[in-house]
Amino acid sequence: MIAVVPALAALRRRPGRTFLTSLGTALGIATIVALLAVGQGAQDAGNQFFHLGASDLGLFQKDAADPTTSILPESLLTTLRQTPGIAAATPLILLVGDIKPEPGAIVFGADPGGFLLHRLVFTSGRMFGQGEQAVVGDQLAAQMHLRVGGTLTVARRRLLVTGIFHIGVAFQDGGAFVPLALAQQISGRQSEATTIAVKLGVGTRPAAATRFLTRRFPGITVIGEGQEAPRAGANAQLLSKTSFVIAVLALLIGGIGVMNTMLMSVVERRAEFALLSAVGWSAVQIVQRVIVEGVLTTLLGAMVGLLFGVIGAQLLVRALGAQAFVSPHVTAWALGRALLIGVLIGVVGALYPAWRAARVSPARVLAQR
Amino acid sequence: MAGARVSVEHLTRAFGQATVIDDVSFTVEPGETVGLTGASGSGKTTLLQLIGSLDQPTHGTIKVDDFDVTHLRHPARFRLETVGFVFQLHHLLPELNAQQNVELPLLAARLSRRERARRSQEVLGEVGLGDRLKAQPADLSGGERQRVAIARALAGRPKLILADEPTGALDSRSSEHVWTLLAGVVAEHGTTMIVASHDPALADRTNRTLNLVDGRLVANGERLDVREAVQ
Ligand SMILES: Nc1ncnc2c1ncn2[C@@H]1O[C@H](COP(=O)(O)OP(=O)(O)O)[C@@H](O)[C@H]1O
Ligand SMILES: [Mg+2]
């Protein structure tokens, strides 16, 4: 590193400009950090989403745009229950956006006799019976001030709340369960399910069961514990592609900002680079010097950007109305990547100005007075 | 350390139609101090920049010791190791203190931090600024700034000093100080020096004087009266 001290001195000499350039980078980095954090949070939520209580595997329709838009025939259940190694299978219907005041809350239509509902622990009241009834997760109940005996409106149907439960899975504690038949009516999917939760028999390995089920039923996707949820949905892939495009744009905007300022700075300081050249700095050393300046500026911006990004992620989730089930997750790897991107912005943005600085003729500039 | 031998042959530098240096030939022996006089615009700066490889000639050759200055593979290394430039204006970087300014060429030489500090302190001591190492250029007088610039030129222990009106921006007392300083350095290290100046004091400080008129050398190797040569 040839020139950190003079580069720092040059940056300190023009604090206003250095600050503004850094700020441009900071906003770019903040965007990237926020997107990565929300993406990670959504993925965590997605992973949790598939841990449907005591189930080992979740079956979804292959190539569904989103796990919630999957459709499976209920008749699949009969075949599954006869399959060796499968101890239990129960259908689920997922209703999204049907509770008006809490659009993030999910309503699960479940078979009261199925193994999933056996795990619900009621803090008050009891399991729903047949008809227009619902049990509500304690988190959702707290948000909506619901009590046993109150009413929960789902898709304009007023349901009697018979119980409040806690299960320890954010999705379900922030949502509600209703009878399967009712959910099928609401969604217009008679004899259909969104997903089928499968419990494996003792001694059956999930990986082996997944292989077997995929071969046996080519139209379904099997999601096991700990697997990445986005694989199941085209929407999730779209989200991650969109994030990528936005990140690239942020990078470009940051890079152009840095280039713009550095170029101005280089043109203004022609005499300085002419002097360096005259006292024996090589073109490569001058290029290095300008790049060091660019990287120092953007590193400063990246630090601020990390902070902005972490705050921005919370705001973004709130703006999307997804705070009920997505909490932004900032990983060390995401921060590291953002810093790396900051350095990259500095290098890329400084390349052209550096080239210009290295080409300043020492004779012409020093002769000026 | 001996000075460099400079030999210039049929040197021409044209900018478009204007021939600024016109078929100039001369030789400077190691350790010699040669004055360069001529009216403003006669080509003194251009000639010095050509010799220092800051500019490229249209025709002709320049040799500094064994270096063919017009075909250098590493001009930066030549400027770093062989030549020390003193300009009319000091060209110090305002955000760096005296020592940091002097260390600029040493940074290019990739010397260690300790070695850079040692050398810069040594040359600043030689120019009488051993106690102003950390001073910012803004806090130095005009004469002191020029002395820092001289220290910067000396930092690489050059064999050839090219000084372009080094006292042009100084009052007479500071000028005197700078001349004494340059003469002392040259005498101590045997450095070769070519110095362009309008200063009448130049004649007393040099072995001989070259006189440029419109880019041509009108006398070579003779002592001229500088006061007459400069209008
Ligand atoms: N880059 C350039 N382009 C065009 N003309 C130049 C350039 N540099 C110097 N000149 C011209 O060359 C002449 C000599 O300039 P210079 O070497 O600075 O003279 P001096 O140092 O003796 O005053 C002047 O007429 C000046 O205008
Ligand atoms: Mg001149």
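Predicted model: local features only at pLDDT ≥ 70, side-chain atom pairs only at ≥ 80, totals over all residues.
**Nonpolar cores**

The largest nonpolar core has 68 residues, and the members that touch the most others are Phe26(B), Ile51(B), Val64(B) and Ile194(B). Leaving out residues up to four places away in sequence, Ile51(B) touches Val6(B), Val8(B), Phe26(B), Ile62(B), Val64(B), Val69(B), Phe78(B), Leu160(B), Leu162(B) and Ile194(B). Another core, of 31 residues, lies apart from this one and includes Leu106(B), Leu124(B), Leu140(B) and Met193(B).

**Strands of chain A**

Strand 9 of chain A (residues 176-179) pairs with strand 4 of chain A (residues 106-110) in the parallel sense, over four bridges. Within strand 9 of chain A, Pro179(A) is the bridge partner of Ala110(A). Strand 9 of chain A is also joined to strand 6 of chain A (residues 133-137) by two bridges, and these two strands run antiparallel. Here Val135(A) stands opposite Phe177(A) of strand 9 of chain A.

**Surface patch and a loop residue**

A nonpolar patch on the surface is formed by Leu27(A), Met303(A), Val304(A), Leu307(A), Phe308(A), Ile311(A) and Leu315(A), with about 660 Å² of accessible area together. Helix 10 of chain A (residues 283-319) gives the most to the patch, with six residues. Phe308(A) lies in helix 10 of chain A and is partly exposed, with a relative accessible area of 35%.

Gly219(A) sits in the loop between helix 7 (206-216) and strand 12 (220-224) of chain A. Gly219(A) counts as partly exposed, because its relative accessibility is 45%. Although 159 residues separate Gly219(A) from Phe60(A) in sequence, their C-alpha atoms are 8.7 Å apart. Beyond its neighbours within four places in sequence, Gly219(A) is in contact with Phe60(A), Gln61(A) and Lys62(A).

**Salt bridges**

Over all chains, the structure holds 20 salt bridges.

| Glu272(A) | Arg269(A) | 3.1 Å |

Glu293(A) and Arg289(A) are about one helical turn apart, because four residues separate them in helix 10 of chain A. Glu293(A) is buried at 2% relative accessibility, and Arg289(A) is buried at 0%. In chain B, salt bridges that share partners join Glu115(B), Arg118(B), Arg119(B), Glu122(B), Glu126(B) and Arg157(B) into one network.

How values were computed. Residues numbered from 1 in each chain as written. Chains lettered and ligands numbered in written order. Heavy atoms only, no water. Core = buried A, V, L, I, M, F, W, Y, C linked by side-chain atoms within 4.5 Å. Buried < 20%, exposed > 50% of the residue type's maximum accessible area, 1.4 Å probe, protein only. Contact = heavy atoms within 4.5 Å. Pairing = 2+ DSSP bridges. Patch = residues over 30% accessible without salt bridge, like charges linked within 9 Å, V, L, I, M, F, W, Y side chains within 5 Å. Areas by Shrake-Rupley, 256 points an atom, 1.4 Å probe, with all protein chains shown as cover. Salt bridge = Lys/Arg side-chain N within 4 Å of Asp/Glu carboxyl O.
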